[in-house]
Amino acid sequence: DKRNSSSWILKEWQAPKTQREWGHYRNLYKGDGFQVKELVIAPHRTLSMQRHKHRSETWNLVSGTAHLLTSARTHPENPQIQKLVPANPIDIPSGVWHKGVNNSDEPAHIVEVWKGPSEQLTEEDIERYD
């Protein structure tokens, strides 16, 4: 079916994939005061411990297995480990250290929603610990 064979081209054009060491992400939608992203954490990979000054995030697991490590606003050590499950999204307030981890053999697909002032919802709003 010709229509189906070219659908990946349209998807790449509408939401280009950005490759990272830990997997990839796509910016799916940006509205007034929010942004929606798809994160795919590759098997046995982890994101950096990070926090954001201007945005909060909600992580929604769609498929796969992943954990979210979160720590106090002032110190990223001794994180709390929370299992991401599809029926229970996790809210991450601005300023909280967090790190996504996939210790499984399958990719973890996450829909991430950023909330904050529209002009501050950028990839530059990030502080990394490791």
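Begin by selecting Ser48 and Arg128, whose side chains are joined by a polar contact of 3.0 Å; a polar contact is a pair of N or O atoms within 3.5 Å, where within protein one must be able to donate a hydrogen and the other to accept it, and where residues adjacent in sequence count only if both atoms are side-chain atoms. The model is predicted, so local features need pLDDT of at least 70 and side-chain atom pairs count only at pLDDT 80 or more, whereas totals for chains, interfaces and linings use all residues. Residues are numbered from 1 along each chain as its sequence is written, and side-chain values use heavy atoms, with hydrogens and water left out.

Keep Ser48 selected. This residue lies in the loop between E4 and strand E5 (50–51); strands (E, at least two residues) and helices (H or I, at least four) are DSSP runs, numbered from the N terminus. Ser48 counts as buried, at 16% relative accessibility, where buried means under 20% relative accessible area, exposed over 50%, and partly exposed in between (1.4 Å probe, protein chains only). Beyond residues up to four places away in sequence, Ser48 touches His98, Lys99, Arg128 and Asp130; contact here means heavy atoms within 4.5 Å.

**The whole chain**

The protein has two helices and 12 strands, and its pattern along the sequence is α-α-β-β-β-β-β-β-β-β-β-β-β-β. It has 130 residues, of which 37% count as buried. Among contacts with a separation of 6 or more, 69% are between residues 24 or more positions apart. The accessible surface comes to about 7800 Å², with 52% belonging to carbon and sulfur atoms; such areas come from the Shrake-Rupley method with a 1.4 Å probe, and for residues only the protein chains shown count as cover.

Select His44, in the loop between E3 and E4. His44 is not a glycine, yet has a positive phi of about 60°. Most residues other than glycine have a negative phi.

Continue to Arg45 in strand E4. With a relative accessible area of 37%, Arg45 is partly exposed. Leaving out residues up to four places away in sequence, Arg45 touches Glu21, Trp22, Val101 and Asn102. Arg45 and Ser104 are 59 residues apart along the chain, and their C-alpha atoms are separated by 8.8 Å.

Thr46 is also found in strand E4 (residues 45–46) and is partly exposed, with a relative accessible area of 37%. Which backbone oxygen does the side chain of Thr46 reach? The oxygen is that of Gly100, at 3.1 Å.

Move to Ser71 in strand E7 (residues 66–71). Is Ser71 buried or exposed? At 8% relative accessibility, Ser71 counts as buried. Its side chain reaches the backbone oxygen of Pro76 at 2.9 Å. Apart from neighbours within four places in sequence, Ser71 is in contact with Met49, Pro76, Glu77, Asn78, Pro79, Val96 and Trp97.

From that list, select Asn78, which is in the loop between E7 and strand E8 (80–84). Asn78 counts as exposed, at 75% relative accessibility. Although not a glycine, Asn78 has a positive phi of about 55°.

**Strand E11**

Select His109 in strand E11 (residues 108–115). His109 is partly exposed, with a relative accessible area of 26%. With residues up to four places away in sequence not counted, His109 touches Glu38, Leu39, Val40, Asn60, Leu61, Val62 and Ser63. One of these, Val62, is 47 residues from His109 in sequence and 5.4 Å from it in space, C-alpha to C-alpha.

**The largest pocket**

Finish with the pocket display. The largest pocket has a volume of about 260 Å³. Of the 18 residues that line it, the closest to its centre are Trp22, Gln50, Glu123, Ile126 and Arg128. Strand E3 (34–41), strand E6 (56–63) and E11 are the elements that give two or more residues to the lining. On a 1 Å grid over the protein atoms alone, a pocket is an open set of points where a 1.4 Å probe fits, with protein on both sides within 12 Å along at least five of seven lines, and lining residues have an atom within 4 Å of a point. Grid points are joined across faces, edges and corners, and the volume is the space filled by probe spheres set on the points.
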